[in-house]
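Please open the structure in your viewer and keep the selection tool at hand.

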Amino acid sequence: MIPPPFEYYAPHSVDEAVALLRRFDGEAKVLAGGHSLIPLMKLRLAQPTALVDINRIPNLAYIREEGNHLRIGATTRTNDLLESALIRKSYPILTDAAQEIADPLVRNLGTVGGNVCHGDPGNDLPACMLALGAEVVAVGEKGSRTLPVSDFYKDTFVTSLEPTELLVEVRIPKARPHQGSAYHKIEKRAGDFAMAGAAANLVLDASGKVESAGIALTNVGPTAILASAAGGSLVGQAPDEAHLAHAASLARDAAQPNGDLRGPVEYKRAMAAVLARRVLDRAVARAQGGA
Amino acid sequence: MAASARPIAPAASLTSGGAPAVTVRVTINGSPVTAEVEPRTLLVHFLREVVGLTGTHIGCDTSNCGACTVHLDGKPVKSCTVLAVQANGREVRTVEGLEVGGKLSPVQQAFFEEHGLQCGFCTPGMMMTATALLAKNSNPTDAEVRDAIRGNLCRCTGYVNIVKAIQLAGKKMQSAAPAGGSP
Amino acid sequence: MSAEAPTPAHVKGGIGQSILRKEDARFLRGKGNYVDDIKLPGMLYLDITRSPYAHAKITAIRTEKALKVPGVLAVITGKDLEAAGLAWMPTLMSDKQMVLPVDTVMYQAQEVVGVVADSRYAAADGAAAVEVDYEPLPVVVDPFKALAPGAPVIRTDRKEQSNHIWHWETGDKAGTDESFRASEVTVSQDLYIPRIHVSSMETCGCIAQMDPVNGRFTIYMTTQAPHAIRTVFALVTGLPEQNIRVISPDIGGGFGGKVPVYPGYVIASVASIKTGRPVKWIEDRSENLQADSFARDYHIHAEVAATKDGKVTALKVKTVADHGYTDAAANPSKFPAGLFHIITGSYPFAKAFVEVDAAYTNKPPGGIAYRCSFRVTEAVYTIERMMDILAHKLKVDPAELRLKNFIPPEAFPFKSTLGWTYDSGNYAGALKKAMEIIDYAGLRREQAEKRRKGELMGIGISSFTEIVGAGPSQQFDILGIKMFDSAEVRIHPTGKIIARFGTKSQGQGHETTYAQILAEELGIPADDIRVEEGDSDTAPYGLGTYASRSTPTAGAAASMAARKIREKARKIAAHLLEVSVDDVEWKDYAFRVKGVPSKSKTMQEVAFAAYTNHPQGMEAGLEAIDYYDPPNMTFPFGSYICVVDIDKDTGQVKVRRFVAVDDCGTIINPMIVDGQIHGGLTMGLAPSLLEEIQYDADGNIHGGSFMDYLVPTAIETPRWETAKTVTPSPHHPIGAKGVGESATVGAPPAIVNAVVDALQPYGVEHIDIPIHPWKVWQILHAGPPKTG
């Protein structure tokens, strides 16, 4: 219940934060929303020497379209996603996910950046970002770099982010006409981690065929999983029953779940398919102009 | 709470002579409070043990139960998962700050009238969440209320009367003076 | 207060009124007084180092690092306690449990070392700095394996050298076997009720204060039974009982979990004696879930025999009870399996035989009576599942089968074949009411329609009979202390009342409901009555609040004390009215001259006179105390009907509707009764669909924090619908029965029956709880439906 002692810093700029991370050379952790980190510290499963609180850094929380991207600042709170009319209109996958993340109290502090880079396979935004083909922007001692999310999740709690780097922004390709996206997970109880979750993002061409598709899965593997074969199977096809069913079964094949308190392996695999189909249906409806 | 800023001695009950202290200046229920605490001091412990406001409760150690809910700059948060130092320079409101001049807020009054509490342990957190909900939506549906309080666990009431209380509070607020009557 | 003014035949806050709760103000304003809110001068903090192993020898304990943590003042080990004769202490079932181990730990998360510091944070650092070396021993987590020959003996301290704790049986074995041989229809089923946890929102804790100057030992404790605790402390520690004060302040939920004496209380007490300062111990939620107050864990095999036209004849039940490493159940001493033999339920079985074998395993000790009056949940779950299984076998509607078999109202008081005398009941009345409210016939039509389309919808019934109010002195005691309860009532000169009770509310609203009983009996408004509980120095001796016993025992004591007061008051009234005592009657909340009701004196006028103008030769004052020995248990009952819909793709179960018709006899405060039922239903939903504690083969717990032990939120909890029938208890002074636990007891079989009913086309007979979505999914995907 009581975290071990640590040094505390509250820098006022990204550069200051990065300098601190460098100084502690991996023994410092970033404090953003804190709702993954602080619980771990209270259980003494994480014992960093220092915390670098990035909540005082100005201009790190925003949601705006600029150029070819939707840009979300790292300390944007999860509830800010829910309140954004832009997100609801053009990137509803994120509204869906935000609705289902934890509970409203956690979401007032939990950040988009944290949910994206914590690396827990149970986090919901990673699958959304994979389906959206997003990128993350990180700042380290060598400056800023942009990483595609498709290559970001390496293993449970392991991402491409260096311990001395700070995630500052998530970039999502700007919404296109006839694009539809959706997210859904099932859980044993509200606020629990998912038994399984699925994200789908489709862009239809002028003839109504699928131009591009991203399908990704939550909590059925060591990381969020991009079901590339599933998404790939839809490209160039009509989003009809046969093709969607086939994509859903490929999503099942992409799942690599462990059996645990949230279900046995075969159940989670089956749910990957069920949920992939549900979000595909919703994404198609949205792409076609419905809700 | 005194109206003027009052520095408070380091909480003997919290420190262990570990890392150097940080200064926390926070406005609690409208009154400024300053204290020196270890950085690891949780906001809930700061409120309960340094400031002496024991209305905010601790029901778990994994950030699930919501008994510790307070407002941080008007937003309901789990104070067991916030460091006191994160509240530096900000405003905190606790259950003790709901009443005005000894008069119960609409939420408190509604919990009373609808038997929305039994043992009372989850109640402060529940009312803080409710107060924040009603500030944004004073006429929530049954489903909206239940979604808003899903981070607040209750073992006694089965939630039925809590939902009724929150909806009643909303109605009370709607029929109160239009300009005033903050929840 | 004028004698001429007509007295209204109504008292403000009497029985039957939904008055708002008198205790709410402090809780609403954040001024509750829970144990962790209390701060005493010089107070220290206790934290506990716990075992990661389920069974291990302790080969070394090193405390140097802990003692070096700034703020740490002392450590306490099992060897320290052994020197004081306190390493072991008795359990409520006359077994014994460790306070701290001397050489062997027997469950994961067992307390191993106590660390005392001047701050909460330093104590935590100290506990983390203690080093313990362990040599793992073979772990036994399966009670059947524990009972098998050759199993490693867990309790090597016992002369029996066996994991078999006791065998208990009741009923007519030969007659039951004969009944089964002669029967036309039999059904049998294995049912497992997993370990769960009360998980009240407030965890357990205490502040122990040994005052070395005047020899007084005070302990603020999360306890449901302060007097029993005081006596137990006196017997165990040798401290004189008059110098021990147990204070149970505001308690954030009990549900049976705050009845046992946990090691933390004793370690804190020893720490206070050792340091001369008050010591606070508050457990974390994880400690609470992992180390104390588990409930249930019954492996049941049940068989029912019936005639071919559906009349039940005999019941046979064999149970293996997993108690963890010691029998720390909280049962009346003569009933090691609690009141499990209420298991004939609402039906007049002619023959029954019940046996229970208890086993030690490497798990935390228990099981406590979790909102179930001593194993009644287990009993009701069994019989109500079996009735549905029988209905299924006979191809009869489950409501029809129950209505055919219910003990009829004219049979009460009804003596069950297992020895209980049920006081009153109207089981058909409750079920019919529930069926009408929910439109049972309409639901069955809807179900038939949905089945044709392959949709899954189920309807489940539970018609339970509870047994509460422990209990009559011939049969009931805890560690020898009889299970009466008490009320001490005093009326002040200005007509206000203070009343103290031997029970202890943890949210049930006693400050209001006891005041309502007294208001009704004494004609004084509830607002003028102050109720106190929980201070063992001032409250009369009682056995506390659990097992729905407060209304049946202390509530009755309140009535009886009030009536003793009324008898004396009548004499004072006669004196004031200048008539003979025989000419005065208590009527319409006042003392009235017989035949001339307008000539009257209020109780307030009498109270004033009791101090200023009492008759010569009579003692002043107006008070009474009553220790109530209930003549029988009470038997609340009800019928619950649950409707579920199942998502065929995911196996998720959604409770669409749940109607609860309860009968708790006379209802003191309808609003409070409904609150109890809502909460109880939620605690019945929880183990049916969500909650369980499991152990792997190494004794590692799964479900040991709120991340994994899933308590229902407002999302899973349906909008409970409640209704009542009222069948008073003939032997209770106001006809009340108690209701705190009925819903926890009655709900699980209704829910499980509904799910099994929904899955009938798949040939399912039973699904063990909790019914996770994948359990349903596996059934749905094992093959196509067998029937349309």
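How many residues of chain C are in contact with chain B, and how many of chain B with chain C? In this predicted model, 59 residues of chain C are in contact with 55 residues of chain B, where contact means heavy atoms within 4.5 Å.

Before the first selection, some conventions are needed. Residues are numbered from 1 along each chain as its sequence is written, and chains are lettered from A and ligands numbered from 1 in the order in which they are written. Because the model is predicted, local features need pLDDT of at least 70 and side-chain atom pairs count only at pLDDT 80 or more, whereas totals for chains, interfaces and linings use all residues; side-chain values use heavy atoms, with hydrogens and water left out.

**First selection: chains C and B**

Select chain C and chain B together. The size of an interface is often given as the accessible area lost when the parts come together. Buried area here is the accessible area (1.4 Å probe) that two parts lose on being put together, summed over both. For chain C and chain B it is about 4,700 Å², with 56% on carbon and sulfur atoms. Now highlight C:Leu28, C:Tyr121 and C:Met201: these supply 19% of the area that chain C buries against chain B, more than any other three residues.

Next, display the side chains of C:Glu691 and B:Arg155, which meet in a salt bridge at 2.8 Å, N to O. A salt bridge is a side-chain nitrogen of Lys or Arg within 4 Å of a carboxyl oxygen of Asp or Glu. Between chain C and chain B the count is six salt bridges. There are also 26 residue pairs in polar contact across this interface, both residues at pLDDT 80 or more. A polar contact is a pair of N or O atoms within 3.5 Å; within protein, one must be able to donate a hydrogen and the other to accept it, and residues adjacent in sequence count only if both atoms are side-chain atoms.

Colour α1 (24-28), α4 (120-129), α9 (285-291) and α17 (670-689) of chain C, the elements that give two or more residues to the side touching chain B. Helices (H or I, at least four residues) and strands (E, at least two) are DSSP runs, numbered from the N terminus. The largest share of this side of chain C, nine residues, comes from α17(C). The residues of the side divide into 25 nonpolar, 18 polar and 16 charged. In this grouping, Ala, Val, Leu, Ile, Met, Phe, Trp, Tyr, Cys and Pro count as nonpolar, Asp, Glu, Lys and Arg as charged, and the others, Gly among them, as polar.

**Third selection: inside chain C**

Select C:Met93, C:Gln108 and C:Leu289, which supply 34% of the area that domain 2 of chain C buries against domain 3 of chain C, more than any other three residues. Here the count is zero salt bridges, while eleven residue pairs are in polar contact, both at pLDDT 80 or more.
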